[in-house]
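Subject: A structure for you to look at

Hi,

Here is the structure I promised to pass on. Please open it next to this email, and then read on for what was found.

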2 protein chains.
Amino acid sequence: MKLRCPICGRTYDEPAQRCSCGEPVEFDLFKGEPYLGKTVWERFWDFWPVEPLLELSLGEGDTPLIKSKIGRELGIRLYLKNETVNPTWSFKDRGTFLAMSYALKAGYKTVGTVSTGNMAASVSAYASRFGLNAKILVSESASEEKLKAISAYGADVIRVLGDYGRLYFESLRLGEKLGIYFINSDNPFRIEGYKGIAFEMAEELSPDYVLIPSSSGGLFRGIAKGFIELRESRLIEELPTLVTVQAEGCSPICKAFEEGKPRIERFEKPDTIAKAITNPYPPSGNAVLKLLRDFNWLCVTVSDGEIVEAQRKLAEDGLFVQPASATGIAALGKLNLPESSKVVSILTGSGLKTLRNSQSGSAAECPLEKLENCVRGQN
Amino acid sequence: MKLRCPICGRTYDEPAQRCSCGEPVEFDLFKGEPYLGKTVWERFWDFWPVEPLLELSLGEGDTPLIKSKIGRELGIRLYLKNETVNPTWSFKDRGTFLAMSYALKAGYKTVGTVSTGNMAASVSAYASRFGLNAKILVSESASEEKLKAISAYGADVIRVLGDYGRLYFESLRLGEKLGIYFINSDNPFRIEGYKGIAFEMAEELSPDYVLIPSSSGGLFRGIAKGFIELRESRLIEELPTLVTVQAEGCSPICKAFEEGKPRIERFEKPDTIAKAITNPYPPSGNAVLKLLRDFNWLCVTVSDGEIVEAQRKLAEDGLFVQPASATGIAALGKLNLPESSKVVSILTGSGLKTLRNSQSGSAAECPLEKLENCVRGQN
């Protein structure tokens, strides 16, 4: 096991979570070849840092890649990678499963995470599945709706009063002290799990652009590493252009990128409807910034209005997503994409997760006796 | 195209929905062989009554079959067929996709359904995807939560005041008159779509028992027809024992079965937390009753308390389902299953769909400064 800090280059021979310089560490590149197999874990067996415990899998990954109607008007070939059909209905399950496989093998009895939404539900679910205790640390503002979805799996949920950014680092410190394995947003095993999204895309097409809603930066780093490993393994020829998409109301990575800053800075007063991507000081922000610059990739911000419109367009394709998941589609109009480009947008989580904030369902009332008129009238 | 009434035997050469005797019609048995393919639609290409329009698929079907921990204490080999990871997070999508493929080819401009939950969302989503208008007829009691999930896709939602049972038949009559194709719970194409659940199971194992939450009876009939066609095609040797599972508070099929009645009767005052399976006068009830008797299959009822306990057990396996989806597991204790039996329970829909009725999420509060104590205290 060899981990490396992508910023300062220091290496670690044991499963560290972060470098002494403060940045996240990551596994050295894996190389290999694909195999026949039903699951992405089996087909890309050479590429995981720990043996995926398939008998405990919940069927995460191997999600559909759907041809979208939205691309037509823009003259591009647009595909949607639907991560909302994972076992807890977000992409987080891929990373959680792999990190949990490590935690169990390493002998941990308790795992944890810091999250208010998708990741909290995912870690709770897999902890139950793996027979581990779970400490789920959520922020003060976590809604009752989210707490219900998280606590369904029986985890200990702790609402922490105080700075949410500090909580990330405090949880890692505490985890080391108490022997609890915290699987936070950019845990090194979690990042490796997200590579599967790149692998599955590459099995079906060679995308020119991949649009990735980004908050902590973990998902972006995972997909990037996946494509880089495929190229190093000579399984693909060229890397796609990866696009970090952030909400205007919380865009610390794009801000630093555009302003040519060496490091990200805390984004003051984050405010967007895309709650799942509102980390004001993303723990993998600098690592993403480096990737964007090294590979000449892109960072785009979108407004809440554009997000709502993108959600509506996705619903016309039959896909109901949470606001954060619509940001990739919202970004389409801001990118000057060459005609016929092959573009994939990642749909990160289900719209059912943010139903409370959805617009009211409008329904016309109609007595059964007048049904024909009611149906005709709206026809 | 040949359809037949399973009760009176009358045949139809055009796509009828119900027999003149009042019972549902169904397609004659298909026979064929399996092919290589990524999707269940392709692998079982010989078995569909209409060409599945794959370019409009949302990736429905091909759901995971998960080994459950719950079987251990009962000494059986228990598997969970997780239909909650379909595109609108319930099994309905399989049937909707196939019926929608027919509707589009037949030239319909508008489709409809009668439902308050999973099917309404599914038909709304696929209507948008297929570029068709949708008339979604819901009952008076449909909750705001459900309306939000349904209306997200842009369908016309009509809340009909009056007898919900009558609405099923009235919608079919009106559909014929107005040229609207109603894809209700036991539409013949919908039933065919559900066969995929049986096909996928048979690809992985030979179940001895399959537990099927049943309301209208459409899902049960589809899975039964799938296994029967596999046996007629000599792809499996023996049929599994299928088990109709109903809530005690609404069990018209089990009641008629146990009492030896020739036909089902309306179940008065249905009352159960399993809202998704509370049809008091199931339109496929008599057809299911005939299958149960012809094949010596089983019907089991479960109480609300048993359902809640089964939900909790499933959560320990990492699966959060709606109450109706837990009925199969609730039924386990009531069946005297031989040791080492291979049993599959169908998880029909996501727990996120009924979050409003879930127990409150409990969370301990903790100031960041005292985090160590809080985490230790609950350890």
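Two strands count as paired if DSSP finds at least two bridges between them. Helices (H or I, at least four residues) and strands (E, at least two) are DSSP runs, numbered from the N terminus. With that in hand, look at chain B: B:Val138 stands opposite B:Arg159 in β8(B). Strands β7 (residues 133-139) and β8 (residues 156-161) of chain B run parallel and are joined by five bridges.

Some background on the model: it is predicted, so local features need pLDDT of at least 70 and side-chain atom pairs count only at pLDDT 80 or more, while totals for chains, interfaces and linings use all residues. Residues are numbered from 1 along each chain as its sequence is written, with chains lettered from A and ligands numbered from 1 in the order in which they are written.

**How the two chains are related**

Chain A is superposed on chain B by a rotation of 180° with 0.0 Å of shift along its axis, and the RMSD is 0.0 Å. This is the relation of a two-fold axis. In chain A, A:Val85 has the C-alpha nearest the axis, 2.2 Å from it. For this superposition, copies are fitted by least squares on the C-alpha atoms of residues with pLDDT of at least 70 in both.

**Where they meet**

Residues are in contact if their C-beta atoms, placed from the backbone, lie within 7 Å. How many residues of chain A are in contact with chain B? There are 68, and they touch 68 residues of chain B. Helix α5 (residues 144-151) of chain A gives the most to the side of chain A that touches chain B, with seven residues. That side divides into 33 nonpolar, 17 polar and 18 charged residues. Here Ala, Val, Leu, Ile, Met, Phe, Trp, Tyr, Cys and Pro count as nonpolar, Asp, Glu, Lys and Arg as charged, and the others, Gly among them, as polar. The copies meet through the same surface, because 100% of the interface residues of chain A are also interface residues in chain B.

**A sheet shared by both chains**

Strand β8 (residues 156-161) of chain A pairs in the parallel sense with strand β14 (residues 364-367) of chain B, over four bridges. There, A:Arg159 has B:Glu365 in β14(B) as its bridge partner. Which strands make up the open sheet of five strands? Their order is β14(A)-β8(B)-β7(B)-β6(B)-β9(B), with parallel pairing. At the edges stand β14 (364-367) of chain A and β9 (180-182) of chain B, each with a single partner strand, so one side of each is left without a neighbour in the sheet.

**Two helix pairs**

Helices α3 (residues 92-105) and α7 (residues 188-204) of chain A pack at an angle of about 130°, with their axes 7 Å apart. That makes α3(A) oblique to α7(A). Axes are lines fitted to C-alpha atoms, for helices over the stretch in contact, and angles run from 0 to 180 degrees between N-to-C directions. Angles under 35 degrees count as roughly parallel, over 145 as roughly antiparallel, 65 to 115 as roughly perpendicular and the rest as oblique.

In chain B, the axes of helix α3 (residues 92-105) and helix α4 (residues 118-130) come within 9 Å and cross at roughly 40°. α3(B) and α4(B) are therefore oblique to each other. Among the residues making this contact are B:Phe97 of α3(B) and B:Tyr126 of α4(B).

Enjoy exploring!

How values were computed
Contact = placed C-beta atoms within 7 Å.
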